[in-house]
Amino acid sequence: MKKIKPAGLVILALLCASFWEPQFAVSSDSIKWRPFKEGMESGIKNQKKVFLYFYSDSCGYCEEMEKVTFKDISVIDLLDKNFISVKVNADKERKAVSNYNIRGLPSNWFIRENGETISNLPGYIPPDMLFFVLKYIYTDSYKSMSFKTYVNNHKTSGGKVLK
């Protein structure tokens with residue numbers, strides 16, 4: 001039987017490694033939330049858009065977003081890779097609530113890299129819809145087309161939204 005030389009083992013190991021996907025590369029199962037001030041500063045410093053989520057512990061729709069929308073792997077991945085996610089407790093951070101003129105919860109805001117507001121979307125947002133809105137914002141499509149046009153351009157023939 002022929003022995004494999006050490007150089008051959010290195011090549012074999014590299015070849016095997018190119019087909020292996022490590023477990024630690026798997027997506028996180030939760031969003032990396034930041035506090036208001038830190039998150040807003042990080043967005044500007046790192047030139048990333050900010051997803052700003054206002055909630056209250058006593059808000060039923062907020063609880064639903066926590067249990068459903070913010071547990072969706074596609075939403076988690078898109079937020080963690082492309083946004084600074086900021087979670088604001090509306091009961092405790094009254095100044096932020098006042099600055100954004102929050103009238104109901106949950107309230108979801110999309111902020112440019114320079115800190116300026118892009119848009120807001122009040123109320124509960126199901127995972128598929130939030131994913132689509134986040135893509136619309138992240139890709140800067142909001143600068144060149146309406147959301148309706150974006151939706152129409154990204155549907156399959158069966159009417160389902162492409163991810």
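## Contacts along the chain

Of the contacts (heavy atoms within 4.5 Å) in the protein chain between residues at least 6 apart in sequence, 69% join residues at least 24 apart. This is a predicted model, in which local features need pLDDT of at least 70, side-chain atom pairs count only at pLDDT 80 or more, and totals for chains, interfaces and linings use all residues. Residues are numbered from 1 along each chain as its sequence is written, and side-chain values use heavy atoms, with hydrogens and water left out.

## Elements and surface

The protein chain has seven helices and five strands. Both are DSSP runs numbered from the N terminus: helices are H or I with at least four residues, strands are E with at least two. Their order from the N terminus is α-β-α-β-α-α-β-α-β-β-α-α.

The chain has 163 residues, and 37% of them are buried. Buried stands for under 20% relative accessible area, exposed for over 50%, and partly exposed for what lies in between (1.4 Å probe, protein chains only). The accessible surface is about 10,500 Å², with 56% belonging to carbon and sulfur atoms. Such areas come from the Shrake-Rupley method with a 1.4 Å probe; for residues, only the protein chains shown count as cover.

## Helix α2

Helix α2 spans residues 36-45, and its buried residues are F36, G39, M40, S42 and G43. They sit on the same side of α2 because they cover an arc of only 160° around the axis, the arc being that of the directions from the helix axis to the C-beta atoms. K37 and K45, on the other side of α2, are exposed.

The cover over the buried residues of α2 includes β1 (33-34), β2 (49-55), β3 (83-89), α5 (94-99) and β4 (107-111). After α2 comes Q47, with a positive phi near 50°.

## T69 in a loop

T69 is placed in the loop between α3 (60-67) and α4 (73-82). T69 counts as buried because its relative accessibility is 0%. Leaving aside residues up to four places away in sequence, T69 touches E64, V75, Y124, I125, P126, P127 and L130. With I125 there is also a distance of 2.6 Å between its backbone oxygen and a polar atom of the T69 side chain.

## S107 in strand β4

S107 lies in strand β4 and, at 3% relative accessibility, counts as buried. The side chains of S107 and W109 are joined by a polar contact of 2.9 Å. A polar contact is a pair of N or O atoms within 3.5 Å; within protein, one must be able to donate a hydrogen and the other to accept it, and residues adjacent in sequence count only if both atoms are side-chain atoms.

Not counting residues up to four places away in sequence, S107 touches L52, Y53, F54, I102, N120, L121 and P122. V88 is 19 residues from S107 in sequence, and their C-alpha atoms are 9.8 Å apart in space.
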